[in-house]
Amino acid sequence: MSARALRSALGANRLLALSLAALLFAATPAPAGKDDLAANDELPERELSYGQARGGHWASVLQEGAHNEAKIDQSGAGHRVSLVQSGADNVALVSQLGQAHLLALIQSGSFNTADIDQRGNGNAADVSQTGTANEVALRQTGTGNYARIDQVGNYNSAEVRQSGEAQHD
């Protein structure tokens with residue numbers, strides 16, 4: 001899916017578009033001859049920091065608005081990130097260490113913050129923030145954990161810690 005098509009779909013239904021993008025990126029293998037792929041569609045006044053170590057990673061970042069910031073660090077193998085930021089002054093910090101982690105993150109509004117740390121194998125998260133000054137801190141360690149966090153409104157805060165195997169929140 002092109003960034004233009006994703007942006008158009010976002011206008012109609014942001015959550016559905018993000019879910020579809022996450023499924024697309026999770027199901028699509030890395031292109032032949034390339035171990036890592038980062039797609040970034042951003043305009044001036046946005047900040048993206050991206051680091052990959054080893055192979056088979058996917059990261060897609062779509063930023064619309066002003067002063068949005070995304071930092072993604074991936075180490076290990078087979079991680080997938082789909083990140084959408086619209087509005088102003090949103091911050092997303094993502095760290096994936098281990099193997100085969102999945103993250104779909106959407107931030108819509110202003111001054112939203114998400115700090116996601118996935119360690120171990122096969123952890124997955126679906127995080128959505130809509131509004132102003134919402135905060136998420138998610139820590140997943142172990143194997144096969146899943147978290148879904150939806151924040152709608154203003155000044156919401158969520159802290160989730162999952163460790164072990166197959167924890168679902």
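## Asparagine 90 and its polar contacts

The side chain of N90 comes within 3.0 Å of the backbone nitrogen of N112, and a polar atom of that N90 side chain also lies 3.1 Å from the backbone oxygen of G109; a polar contact is here a pair of N or O atoms within 3.5 Å, where within protein one atom must be able to donate a hydrogen and the other to accept it, and where residues adjacent in sequence count only if both atoms are side-chain atoms. The model is predicted, so local features need pLDDT of at least 70 and side-chain atom pairs count only at pLDDT 80 or more, while totals for chains, interfaces and linings use all residues. Residues are numbered from 1 along each chain as its sequence is written, and side-chain values use heavy atoms, with hydrogens and water left out.

N90 sits in the loop between β5 (80-88) and β6 (91-99), strands being DSSP runs of E of at least two residues, numbered from the N terminus. N90 is buried, with a relative accessible area of 0%; buried means under 20% relative accessible area, exposed over 50%, and partly exposed in between, for a 1.4 Å probe and protein chains only. With residues up to four places away in sequence not counted, N90 touches H67, N68, E69, Q85, Q107, G109, S110, F111 and N112, contact meaning heavy atoms within 4.5 Å.

## The nonpolar core

The largest nonpolar core has 20 residues, and those with the most contacts inside it are L83, L103 and V127; such a core is a set of buried Ala, Val, Leu, Ile, Met, Phe, Trp, Tyr and Cys residues joined through side-chain atoms within 4.5 Å. Leaving aside neighbours within four places in sequence, L83 is in contact with S60, V61, L62, A70, I72, A92 and L105.

## Salt bridges

The count comes to five salt bridges, each defined as a side-chain nitrogen of Lys or Arg within 4 Å of a carboxyl oxygen of Asp or Glu. One of them joins the side chains of R139 and D115 at 3.0 Å, N to O; because R139 lies in strand β10 (residues 135-143) and D115 in strand β8 (residues 113-121), this pair ties together parts that are 24 residues apart in sequence. R139 is partly exposed at 24% relative accessible area, and D115 is partly exposed at 27%.

Another salt bridge is formed by D117 with R119, the closest N and O atoms being 3.0 Å apart; D117 counts as buried at 14% relative accessibility, whereas R119 is partly exposed at 37%. The side chains of K71 and D73 also meet in a salt bridge, at 3.8 Å from N to O, with K71 partly exposed at 37% and D73 partly exposed at 31%.

Terms used. Helix = DSSP H or I, 4+ residues; strand = E, 2+ residues; numbered from the N terminus.
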